[in-house]
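Please look over the sequence and the model shown here before reading on.

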Amino acid sequence: MDNNAQDPMIPQLYEVTRTIRETHDSFSLYLNSKDDSDIPEFGPGQFNMLYAFGVGEVPISISGRAEKSGNLIHTIRNVGSVTSALSDLKRGHTLGLRGPFGSSWPIEACKKQDVVIIAGGIGLAPLRPAIYALLEQRDQFGEIAILYGARQPKDLLFTKEFETWRGKYGIQVKATVDSADREWKGNVGVVTTLIPRVSFDPIHTVAMICGPEIMMKFSMLALKQSGMSEENIFITMERNMKCAVGFCGHCQFGPTFICKDGPVFAYNKIKPFFETRDL
Amino acid sequence: MKSLESIVENHPFFKDLEPRYLELVTGCASNVRFEAGNFIFRQNEEANQFYLIRQGKVALEVCPPNRDPVIVQTVSEGEILGWAWMVPPYNCHFDAQALELTRAIQLDGQCLRKKCEEDHSLGYQVLSRLLPIIGKNMEATQLQLTDIYGNRS
């Protein structure tokens with residue numbers, strides 16, 4: 001490996017091998033190393049910095065690894081100039097990639113426990129590698145419940161995988177939306193309303209939550225009301241990550257840096273800051 | 001076959017209700033079933049019933065003028081449908097349509113209201129079960145209004 005490859009500030013070249021339109025405003029990029037060098041291992045929940053040349057760089061969570069090719073998958077919502085440029089990339093195009101960075105979901109801590117996963121909107125993408133990790137060792141865990149909320153049915157990600165997760169692995173998967181037309185036969189209501197509808201033992205459960213902070217806040221409250229303790233609740237945070245290695249301070253959150261100490265945190269570790277107004 | 005009283009007693013809404021109240025409540029109850037697509041009640045109708053859902057799923061819809069109906073909430077097994085029967089002017093706020101085969105206990109709101117007025121302890125029992133649900137619905141509505149699934153890339 002040359003010196004540049006070891007420098008976390010220097011992007012490596014990656015080629016887009018496949019693009020998938022996931023929803024009306026989100027898409028997945030499959031990426032392979034341009035020089036065919038080994039793709040670095042990553043932990044579920046970690047993120048990469050993706051660089052659209054001439055436009056900018058954004059932190060994007062890894063949403064999986066392609067089964068056959070081993071390509072990295074990133075699922076992205078098109079919300080700004082960089083993500084818009086990334087959405088224009090086609091097969092064969094090149095981008096810059098730094099990473100993986102940050103902390104991971106606590107898969108080991110879930111062993112012999114029930115697991116509740118709560119996702120909101122694009123938040124299912126950073127959780128999907130954790131779901132895959134649980135599925136790989138399904139017999140190591142008790143009940144697994146995935147509760148997923150979005151604005152509308154058209155915003156729901158990875159819906160084709162839900163049946164496999166339910167049928168093949170016996171996972172409780174429930175989705176809900178804020179509002180819907182009559183075509184939708186599923187649940188309508190906020191994601192927290194799904195919590196009483198799944199079975200888990202709150203004393204022996206680990207929860208992983210990813211979504212907008214307001215959604216995570218109310219999900220945590222509902223989990224605590226169900227009898228879960230704070231130290232078993234894990235969340236993933238997002239701030240303005242720039243360097244991704246704790247140098248620049250853009251993503252400082254209280255005494256922590258989201259990029260280096262997070263993005264996955266045990267809730268009780270950041271609780272005082274999470275509940276501080278304007279932080 | 002389970003008795004009506006046993007079904008009411010085992011529904012989460014009336015969990016741990018004292019037997020003397022259970023008897024009063026069951027006196028206003030009947031078994032009902034709705035096929036998928038059936039309307040259970042319509043917006044602005046008089047709210048004379050509420051339902052303990054035993055099985056199935058019901059959509060609560062608003063029908064804005066000149067727009068398609070919008071589902072704003074679904075109610076499923078173990079939950080209740082309708083609280084307007086207890087609050088003047090006793091009018092339904094939404095359309096309620098069964099999304100799938102739905103079995104429920106229908107409670108006659110007028111009957112139960114009368115019993116609650118005659119026996120305030122029963123009224124307290126019913127309201128102390130109803131208010132947390134109304135509170136949760138309000139909280140859920142506030143969350144929906146804040147668009148909690150907003151931008152995250």
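Predicted model: local features only at pLDDT ≥ 70, side-chain atom pairs only at ≥ 80, totals over all residues.

Residues are numbered from 1 along each chain as its sequence is written, and chains are lettered from A and ligands numbered from 1 in the order in which they are written.

Along its principal axes, the C-alpha trace of chain B spans about 55 × 35 × 30 Å. Chain B contains 4 helices and 8 strands, where helices (H or I, at least four residues) and strands (E, at least two) are DSSP runs numbered from the N terminus. Their order from the N terminus is α-α-β-β-β-β-β-β-β-β-α-α. Of the 153 residues in chain B, 33% are buried, a residue being buried if 20 or more other C-beta atoms lie within 10 Å of its own, exposed if 12 or fewer, and partly exposed in between, with C-beta atoms placed from the backbone.

Two residues are in contact if their C-beta atoms, placed from the backbone, lie within 7 Å. Among contacts in chain B between residues at least 6 apart in sequence, 72% join residues at least 24 apart. The contact between the chains takes 32 residues from chain A and 20 residues from chain B. On the side of chain A that touches chain B, the largest share, 3 residues, comes from H5(A).

Most residues other than glycine have a negative phi, and most peptide bonds are trans.

| Cis peptide bond | Omega |
|---|---|
| Gly262(A) to Pro263(A) | about 5° |
| Pro88(B) to Pro89(B) | near 10° |

Pro263(A) is found in the loop between helix H6 (258-261) and strand S15 (264-266) of chain A, and Pro89(B) in the loop between strand S6 (80-81) and strand S7 (95-98) of chain B.

Lys112(A), with a positive phi near 65°, lies in the loop between strand S6 (94-101) and strand S7 (114-120) of chain A, and Lys112(A) counts as exposed because it has 9 C-beta neighbours inside 10 Å.
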